[in-house]
Amino acid sequence: MSALVAPRDGFPLDHAVPQPSAANLSRRLMQREVTLHQRSEAETLLKEFTRAQMTRHCWGEFAGSLQDLGLSSGSQFQTMVNRDAVRTRLSLEPHHGTEAYLAEVARSGGRLRMYYCRGDRKVAGQAAEGHCPDGWQRISLK
(Lines give C-alpha, C1' and ligand atoms only; values in the text may rest on other atoms or scores of the structure.)
Protein backbone atom coordinates (compact mmCIF):
# COMPACT_ATOMS: atom_id res chain seq x y z
CA MET A 1 0.00 0.00 0.00
CA SER A 2 2.86 2.39 0.73
CA ALA A 3 3.98 2.18 -2.92
CA LEU A 4 0.67 3.70 -3.97
CA VAL A 5 0.94 6.75 -1.74
CA ALA A 6 4.69 7.12 -1.25
CA PRO A 7 7.15 8.98 -3.49
CA ARG A 8 8.65 7.02 -6.35
CA ASP A 9 11.51 5.74 -4.16
CA GLY A 10 8.90 4.58 -1.63
CA PHE A 11 9.28 4.29 2.10
CA PRO A 12 11.51 1.53 3.32
CA LEU A 13 9.83 -1.13 5.37
CA ASP A 14 13.06 -1.52 7.31
CA HIS A 15 13.93 1.82 8.91
CA ALA A 16 17.48 0.60 9.52
CA VAL A 17 18.28 0.79 5.79
CA PRO A 18 20.27 4.01 5.18
CA GLN A 19 18.66 6.56 2.88
CA PRO A 20 20.64 8.83 0.55
CA SER A 21 21.28 12.19 2.16
CA ALA A 22 19.86 15.36 0.70
CA ALA A 23 23.40 16.59 0.00
CA ASN A 24 24.23 13.39 -1.88
CA LEU A 25 21.05 13.63 -3.93
CA SER A 26 21.74 17.30 -4.66
CA ARG A 27 25.29 16.47 -5.78
CA ARG A 28 24.05 13.71 -8.10
CA LEU A 29 21.40 15.99 -9.59
CA MET A 30 23.99 18.74 -10.16
CA GLN A 31 26.35 16.27 -11.82
CA ARG A 32 23.51 15.06 -14.06
CA GLU A 33 22.68 18.65 -15.03
CA VAL A 34 26.34 19.35 -15.89
CA THR A 35 26.49 16.17 -18.00
CA LEU A 36 23.34 17.10 -19.92
CA HIS A 37 24.66 20.61 -20.57
CA GLN A 38 28.02 19.26 -21.77
CA ARG A 39 26.25 16.73 -23.96
CA SER A 40 24.20 19.47 -25.58
CA GLU A 41 27.30 21.62 -26.18
CA ALA A 42 29.26 18.64 -27.55
CA GLU A 43 26.46 17.58 -29.90
CA THR A 44 26.19 21.12 -31.27
CA LEU A 45 29.94 21.22 -31.93
CA LEU A 46 29.89 17.75 -33.54
CA LYS A 47 27.14 18.82 -35.94
CA GLU A 48 28.90 22.08 -36.81
CA PHE A 49 32.15 20.17 -37.39
CA THR A 50 30.61 17.64 -39.78
CA ARG A 51 28.72 20.28 -41.76
CA ALA A 52 31.80 22.49 -42.04
CA GLN A 53 34.00 19.54 -43.07
CA MET A 54 31.49 18.50 -45.73
CA THR A 55 31.52 22.04 -47.12
CA ARG A 56 35.30 22.23 -46.89
CA HIS A 57 35.61 18.90 -48.71
CA CYS A 58 33.56 20.27 -51.61
CA TRP A 59 36.25 22.96 -51.96
CA GLY A 60 39.07 20.44 -52.11
CA GLU A 61 40.01 18.72 -48.85
CA PHE A 62 39.13 18.32 -45.19
CA ALA A 63 40.35 20.98 -42.76
CA GLY A 64 43.01 20.03 -40.25
CA SER A 65 41.72 21.97 -37.24
CA LEU A 66 38.65 23.56 -35.72
CA GLN A 67 40.20 26.99 -36.30
CA ASP A 68 40.44 26.27 -40.05
CA LEU A 69 36.67 25.69 -39.96
CA GLY A 70 35.99 28.83 -37.96
CA LEU A 71 34.92 26.78 -34.93
CA SER A 72 35.96 26.80 -31.30
CA SER A 73 35.39 24.29 -28.54
CA GLY A 74 35.67 26.88 -25.81
CA SER A 75 37.46 25.92 -22.65
CA GLN A 76 35.30 23.01 -21.56
CA PHE A 77 36.60 20.40 -24.05
CA GLN A 78 39.93 18.95 -25.00
CA THR A 79 39.71 18.42 -28.76
CA MET A 80 41.63 16.50 -31.36
CA VAL A 81 41.10 16.61 -35.14
CA ASN A 82 42.60 13.82 -37.23
CA ARG A 83 42.38 13.71 -41.00
CA ASP A 84 43.72 11.91 -44.01
CA ALA A 85 42.80 11.91 -47.68
CA VAL A 86 39.44 10.16 -47.19
CA ARG A 87 38.27 10.96 -43.64
CA THR A 88 38.36 13.40 -40.76
CA ARG A 89 37.52 12.87 -37.10
CA LEU A 90 36.80 15.13 -34.17
CA SER A 91 37.31 13.75 -30.65
CA LEU A 92 35.91 15.72 -27.72
CA GLU A 93 36.76 15.03 -24.10
CA PRO A 94 35.25 17.32 -21.46
CA HIS A 95 37.54 18.44 -18.65
CA HIS A 96 34.82 17.31 -16.20
CA GLY A 97 32.31 14.51 -16.45
CA THR A 98 32.36 10.94 -17.66
CA GLU A 99 31.38 11.12 -21.34
CA ALA A 100 33.50 11.67 -24.43
CA TYR A 101 32.36 12.21 -28.02
CA LEU A 102 33.45 11.44 -31.57
CA ALA A 103 32.35 12.58 -35.05
CA GLU A 104 33.64 11.32 -38.39
CA VAL A 105 33.12 12.42 -41.98
CA ALA A 106 34.44 10.10 -44.69
CA ARG A 107 34.30 9.61 -48.44
CA SER A 108 32.73 6.33 -49.42
CA GLY A 109 31.87 5.38 -52.98
CA GLY A 110 31.87 8.96 -54.21
CA ARG A 111 29.64 10.15 -51.35
CA LEU A 112 30.30 11.62 -47.95
CA ARG A 113 28.99 9.83 -44.89
CA MET A 114 29.09 10.88 -41.26
CA TYR A 115 28.47 9.35 -37.87
CA TYR A 116 28.58 10.35 -34.22
CA CYS A 117 29.42 8.42 -31.03
CA ARG A 118 29.23 8.95 -27.29
CA GLY A 119 30.77 6.85 -24.55
CA ASP A 120 32.69 6.53 -21.33
CA ARG A 121 35.85 8.61 -21.55
CA LYS A 122 37.74 5.99 -19.54
CA VAL A 123 37.01 3.43 -22.26
CA ALA A 124 37.95 5.82 -25.07
CA GLY A 125 40.32 4.18 -27.47
CA GLN A 126 40.96 3.78 -31.12
CA ALA A 127 37.91 3.10 -33.20
CA ALA A 128 38.05 1.18 -36.43
CA GLU A 129 37.28 3.28 -39.47
CA GLY A 130 33.56 3.87 -39.70
CA HIS A 131 32.87 2.48 -36.22
CA CYS A 132 32.49 3.75 -32.67
CA PRO A 133 35.05 2.67 -30.07
CA ASP A 134 34.17 -0.55 -28.24
CA GLY A 135 31.56 0.05 -25.57
CA TRP A 136 30.40 3.36 -27.05
CA GLN A 137 27.05 3.97 -28.68
CA ARG A 138 26.31 5.51 -32.02
CA ILE A 139 24.07 8.56 -31.69
CA SER A 140 21.82 10.29 -34.16
CA LEU A 141 22.03 14.06 -34.41
CA LYS A 142 19.65 16.14 -36.48
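The model described here is predicted. The chain holds two helices and five strands, and these follow one another along the sequence in the pattern α-α-β-β-β-β-β. Of the 142 residues in the chain, 34% are buried. Among contacts with a separation of 6 or more, 39% link residues 24 or more positions apart. The chain exposes about 9600 Å², and 51% of that area is supplied by carbon and sulfur atoms.

In general, the strands of a sheet pair through backbone hydrogen bonds, in either a parallel or an antiparallel sense.

The individual pairings can be followed strand by strand. Six bridges connect strand E2 (residues 87–94) with strand E3 (residues 99–108) in the antiparallel sense, and Ser-91 stands opposite Leu-102 in E3. E3 is in turn joined to E4 by ten bridges, again antiparallel. Here Ala-103 has Tyr-116 of E4 as its bridge partner. E3 and E4 form a hairpin with two residues between them, and Gly-109 in the turn has a positive phi of about 60°. E4 then pairs with E5 over three antiparallel bridges. Tyr-116 takes part on this side too, standing opposite Ile-139 in E5.

Helix H2 comes next. With 37 residues, H2 reaches 54 Å from its first C-alpha to its last, close to the 54 Å expected at 1.5 Å a residue. Just after the helix, Gly-60 takes a positive phi of about 145°.

Which residues of H2 are buried? They are Thr-35, Gln-38, Arg-39, Ala-42, Glu-43, Leu-45, Leu-46, Phe-49, Thr-50, Ala-52, Gln-53 and His-57. The cover over these buried residues includes E1, E2, E3, E4 and E5. As a reminder, an α-helix has 3.6 residues a turn, so residues three or four places apart point the same way.

Gln-38 counts as buried because its relative accessibility is 7%, where the cut-off for burial is under 20%. Beyond its neighbours within four places in sequence, Gln-38 is in contact with Gln-76, Phe-77, Pro-94, His-96, Gly-97 and Tyr-101.

Finally, the nonpolar cores. The largest has 18 residues, and those with the most contacts inside it are Leu-46, Phe-49, Leu-71, Leu-90 and Leu-92. H2, E1, E2 and E3 are the elements that give two or more residues to this core, with H2 giving the most, at five residues. Leaving aside neighbours within four places in sequence, Leu-71 is in contact with Leu-45, Glu-48, Phe-49, Ala-52 and Leu-66. Apart from this core lies another, of six residues, among them Ala-100, Leu-102, Cys-132 and Trp-136.

How values were computed
Residues numbered from 1 in each chain as written. Predicted model: local features only at pLDDT ≥ 70, side-chain atom pairs only at ≥ 80, totals over all residues. Heavy atoms only, no water. Pairing = 2+ DSSP bridges. Helix = DSSP H or I, 4+ residues; strand = E, 2+ residues; numbered from the N terminus. Buried < 20%, exposed > 50% of the residue type's maximum accessible area, 1.4 Å probe, protein only. Contact = heavy atoms within 4.5 Å. Expected span 1.5 Å × (residues − 1). Areas by Shrake-Rupley, 256 points an atom, 1.4 Å probe, with all protein chains shown as cover. Core = buried A, V, L, I, M, F, W, Y, C linked by side-chain atoms within 4.5 Å.
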